[in-house]
Amino acid sequence: MTPYLARLLEISLNNATIPSDWKKATVVPIYKEGDRSAVTNYRPISLTSVVCKQLEHIIAGYLRQVWDKNDWLYKRQHGFRPGYSCESQVITVCQNTADSLDEGVGIDAIIIDFSKAFNLVPHDRLLMKLAASGVDSRVVVWVKEFLVGHTQWVRVGGQLSKEVKVTSGVPQGSVLGPLLFLVYVNNIWRNIDSSLMTV
């Protein structure tokens with residue numbers, strides 16, 4: 001099966017074509033905490049094609065390689081990067097705070113939580129930023145094809161909702177979703193004089 005799968009993925013990438021089944025997602029709500037009857041206490045996860053995820057893994061590896069070579073990602077971005085995490089950000093913040101206290105320097109902190117961040121990423125702006133990150137144009141075209149024409153429905157128990165088109169955002173539960181979100185927020189630090197950390 002491996003040679004056939006490799007050929008299929010090669011055709012998809014080289015021709016920027018994606019079978020319609022790869023663009024369909026079944027969204028399942030995953031309980032987080034709190035009142036189980038409140039919709040806001042569930043996180044939506046998109047179940048997508050396993051074959052498509054294989055190509056996503058290949059593209060994700062390529063993106064990381066290019067960005068590392070070009071030193072493109074914001075250095076203080078702790079989310080969705082190997083060797084970084086929420087914990088590494090907390091450690092950095094604590095160390096910076098301790099250093100500032102030792103030096104007698106004041107500290108101001110602003111914490112922002114993006115609500116529905118993955119769902120609201122505009123595709124056109126995302127693709128423009130991806131193209132500017134130094135990646136091969138074929139990858140940008142494939143990602144555009146990956147995002148455009150996506151449909152999803154929600155499954156709760158054994159019931160499925162009506163299928164709807166996805167016109168913005170990056171698919172949660174996909175391999176590329178977090179990396180595409182990083183592309184979108186990567187230049188958030190520009191024109192800010194203070195130390196900014198993101199996760």
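1. Buried here means under 20% relative accessible area, exposed means over 50%, and partly exposed is in between (1.4 Å probe, protein chains only). By that definition W142 and F146 are both buried. Buried residues make up 34% of the 199 residues in the protein.

2. On the source: this is a predicted model, in which local features need pLDDT of at least 70 and side-chain atom pairs count only at pLDDT 80 or more, while totals for chains, interfaces and linings use all residues. Residues are numbered from 1 along each chain as its sequence is written, and side-chain values use heavy atoms, with hydrogens and water left out.

3. The protein has 6 helices and 5 strands, taken as DSSP runs numbered from the N terminus (helices H or I, at least four residues; strands E, at least two). Along the sequence the pattern reads α-β-β-α-α-α-α-β-β-β-α. Among contacts (heavy atoms within 4.5 Å) between residues at least 6 apart in sequence, 67% join residues at least 24 apart.

4. Aromatic pairs. Rings of Phe, Tyr and Trp (its six-membered ring) pair if their centres lie within 6.5 Å; planes under 30 degrees apart count as stacked, over 60 as edge-to-face and the rest as tilted. The count by this rule is 2 aromatic pairs. W142 and F146 form a stacked pair, at 5.3 Å centre to centre with 10° between the planes. These two residues are separated by about one helical turn because they are 4 residues apart in helix α5 (residues 137-147).

5. Helix α5 as a whole. Its buried residues include V139, V140, W142, V143, F146 and L147. Seen down the helix axis, the buried residues of α5 fall within an arc of 165°, so they line one face of the helix; the arc is that of the directions from the helix axis to the C-beta atoms. An α-helix has 3.6 residues a turn, so residues three or four places apart point the same way. The buried residues of α5 pack against α1 (2-15), α2, α4 and α6.

6. The ends of α5. At its start, a side-chain oxygen of D136 reaches to within 2.7 Å of the backbone nitrogen of R138. This is a polar contact, meaning a pair of N or O atoms within 3.5 Å; within protein, one must be able to donate a hydrogen and the other to accept it, and residues adjacent in sequence count only if both atoms are side-chain atoms. After the helix comes G149, with a positive phi near 85°.

7. H150 lies in the loop between α5 and β3 (151-156). At 5% relative accessibility, H150 counts as buried. Its side chain reaches the backbone oxygen of F146 at 3.2 Å. Leaving out residues up to four places away in sequence, H150 touches W22, K23, K24, V164, K165, V166 and P171.

8. The nonpolar core. Such a core is a set of buried Ala, Val, Leu, Ile, Met, Phe, Trp, Tyr and Cys residues joined through side-chain atoms within 4.5 Å. The largest one has 31 residues, of which L63, W67, L126, L130, W142, V143 and L180 touch the most other members. Two or more residues each come from α2, α4 (123-131), α5 and α6 (176-185), and α6 gives the most, with 8 residues. L126 is in contact with V121, L147, V170, L180, V183 and Y184, leaving aside its neighbours within four places in sequence.

9. I59, in helix α2 (residues 50-70), is buried at 2% relative accessibility. Residues up to four places away in sequence apart, I59 touches L13, V139, W142 and L176. I59 and V175 are 116 residues apart in sequence and 9.3 Å apart in space, C-alpha to C-alpha. S12, in helix α1, is buried with a relative accessible area of 3%. With the same exclusion, S12 touches T17, I18, W22, L55 and W142.

10. A16 deserves a look at its backbone. A16 is found in the loop between α1 and β1 (24-31), and its phi is near 50°, a positive value in a residue other than glycine. A16 is buried, with a relative accessible area of 15%.

11. Charges over rings (NZ of Lys or CZ of Arg within 6 Å of the ring centre and within 35 degrees of the ring normal). The charged end of R36 sits over the ring of Y31, 3.7 Å from its centre. K129 lies over the face of Y184, at 4.7 Å from the ring centre.
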